[in-house]
Amino acid sequence: MAASPWPDRLLPGSAVPLGATWDGLGTNFAVFSAHATRIELCLFDPSGRREIARFDLPECTDEVWHGYLPNARAGLVYGFRAHGPYEPQAGHRFNPHKLLLDPYARRLTGEMRNADALYGYRINSPRADLSFDRRDSAPGVMKAVVADESFNWADDRPPAVPWSDTVIYEAHVRGLSMMRGNLRPNERGTFAALGDPLFIDHLRRLGVTTVELLPIHAFVQDRSLLEKGLRNYWGYNSIGFFAPEPRYLSDGTLDELRIAVRRLHAAGLEVILDVVYNHTAEGSELGPTLSFRGLDNASYYRLVDGNPRHCVNDTGTGNTLNLSTPRVLQMVMDSLRYWVSAFHVDGFRFDLGVTLGREAHGFDPGSGFFDAIRQDPVLQKVKLISEPWDIGPGGYQVGNHPPGFAEWNDRFRDGVRRYWRGDPGQRADFAARLAGSSDLFDRRHRRPWASLNYVASHDGFTLLDAVSYVERHNEANGEDNKDGHGENHSSNWGVEGPSEDPALVDTRLRLRRAMLATLFLAQGTPMLLAGDEFGRTQNGNNNAYCQDNETSWIDWSLLDRPEGKGLAEFVARIVALRHEHGVLRSPHFLHGREQPFDGVPDIAWFDESGEVVSTESWNNAEDRCLALRRACRNNDGSVIMLTAFFNADVAEHRFRLPPPHWPTRIVLDSAAPDLPAYELQGEEVVVGSRSVVVALASRTGQ
């Protein structure tokens, strides 16, 4: 019999860093648990199917269990088992029969096979989660792999796009390329396709500066979805905060993601990750024991005060991570720094950011999470975006995050949709959204970029569906069409769903161009949903989280059709206009107090007559026309005035050009997107039905 390559016991090792760290001679293992009485390290063969050795972690320092295994190399497959009290009524759920994933695992192997053995209690027991299950979960769970972090980044540098110049493209790694026939099958839906030159060229043609990826952290499939024949597509079900989702690695190596980031950086494109630190895939107290629950349930999760058997559910997923626990907050901070240092990502979008900022008394912009991230020398250099809501008490916090964060602004989405739908009484709100939502964000010296503007995102209707459907059509999700937003501020303009009526097709296309023009003309940071630039549809599904199929995947053939090609060219044109003229990217909120030219305030609003909008006119609920003029002085002393004319009415309208009447060029007409720029003759601007016209004037300084 061959001698075992392993010693009888582990060396003491070190409590830092957490996770499995290979030093070339062996591997140090360290894992946090404040309440465990013993933790075992389990080693497996390369397939992950057979356990080959088991060791106690010999030391516990400051609540970190640790040990060093000589000769353990990168590629070693492992997991933990934690011993301690199984007392659910006290918040403790230790069960050494359950193999646990290292919270700091850099690589994963295997797939989770949903089975009753994954649960710490006996499914269907009359005692429910107070019962205790003694079956080994190892055959059905993912396992950690010791990683080699070496990679030659050469001269890679972050593009460091200024916030005011940023244009974000929200996309899903898998959905981007599953329908691209020009890629090898094994590369579709992976990071290899993310770095494909054709995709990068498309982004550059559009004028995009930054790609925001839906979650790429390792996640697991929901048992309830698998029983319906569905799969979690979006990935907001994280189980590993340091490991990429294995399905997105075509060759199984972490370097595939690094290479994609290098290629995007070489093209001047940033990469932002949508991250989920508010909850884990373990669900409520009735969920499986996969990692955190088994290592230290009472430390990792927020439990109901006075009844710690139950998890606090401010996230709507069954559990809420407890960032008030120092080691849990450390895990989040270590994870963020890891993605910046090991993968050179350029920023993060925090799912349910309000949850991360909760303290015992509720949401607090001065919470430990926000304080930690704002002072961190690594993280304060990257872009930080919050989804500013959750379902807990006081969960809607748009505009209330601390400086340094941008926030998804759903008020922009809803206000723009209502205005272009023709709802009465929308002009004042529409004006506020165009001005960077200063009513929400102009505080604590924040800048306009803090308002992350969008008219469609992954969560809801696509832009085409927002003008094609009144009702959600989520029947395929298997929830009786009760999931997803009930109010989408959408309209079908007479026919629910697709139509071949030329007049209806034209109306919908006009409205999409108008909303896209609004997005890129507004102050704030614009975000475009992938595929909206050429007419992607989800057939009315506004909650496609479980549609890992053609409902969610992008059909790039739409870009080859005249309508899709024309819309993409229009997007590229309006984005180029934004990049060209700094007046559209003001670094400060504009309030009309400054005058770049005598009698010309930096921002002003006008009605069709060319007069400043009066209080009476603002209160006219049936007026659907508005002109916005912004002015600035350039470095050479010249002054530029850019006026956008918005007409949400069904009829054409004629606007008088506001004074002063400088020579003016019409640089964009959303009703005639192919029309080149031309000199305006006279002082009247014709704006077609449901359209936007942009006029540009300039002169040398006084």
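Trainee: How many residues sit between strand 1 and strand 2 in their hairpin?

Mentor: Three residues lie between strand 1 and strand 2. Keep in mind that this is a predicted model.

Trainee: Which residue in that turn has a positive phi?

Mentor: Gly 24 does, with a phi of about 100 degrees.

Trainee: How many bridges join the two strands?

Mentor: Four. Strand 1 covers residues 19-22, strand 2 covers residues 26-32, and they run antiparallel.

Trainee: What do strands pair through, in general?

Mentor: Backbone hydrogen bonds, in either a parallel or an antiparallel arrangement.

Trainee: New topic. Helix 11: mostly covered or mostly open?

Mentor: Mostly covered. Helix 11 runs over residues 427-434, and six of its eight residues are buried.

Trainee: Which ones are buried?

Mentor: Arg 427, Asp 429, Phe 430, Ala 431, Arg 433 and Leu 434.

Trainee: What follows helix 11?

Mentor: Gly 436 follows, and its phi is positive, near 85 degrees.

Trainee: Now helices 14 and 15. At roughly what angle do they cross?

Mentor: Roughly 20 degrees. The axes of helix 14 (residues 502-521) and helix 15 (residues 562-580) come within 9 Å.

Trainee: Why does that make helix 14 roughly parallel to helix 15?

Mentor: Angles under 35 degrees count as roughly parallel, so helix 14 is roughly parallel to helix 15.

Trainee: Left-handed or right-handed crossing?

Mentor: Helix 14 passes helix 15 in a right-handed crossing.

Trainee: Which residues make the contact?

Mentor: From helix 14, they include Val 505, Leu 509, Arg 512 and Phe 520. From helix 15, they include Glu 563, Leu 567, Phe 570 and Arg 578.

Trainee: How many of each class does that contact have?

Mentor: The contact of helix 14 with helix 15 has 13 nonpolar and four charged residues, with no polar ones.

Definitions and conventions: Residues numbered from 1 in each chain as written. Predicted model: local features only at pLDDT ≥ 70, side-chain atom pairs only at ≥ 80, totals over all residues. Heavy atoms only, no water. Axes fitted to C-alpha atoms, helices over the stretch in contact; angles between N-to-C directions. Parallel < 35°, antiparallel > 145°, perpendicular 65-115°, else oblique. Left-handed = near helix turned anticlockwise from the far one by under 90°. Contact = heavy atoms within 4.5 Å. Nonpolar A, V, L, I, M, F, W, Y, C, P; charged D, E, K, R; others polar. Pairing = 2+ DSSP bridges. Buried < 20%, exposed > 50% of the residue type's maximum accessible area, 1.4 Å probe, protein only.
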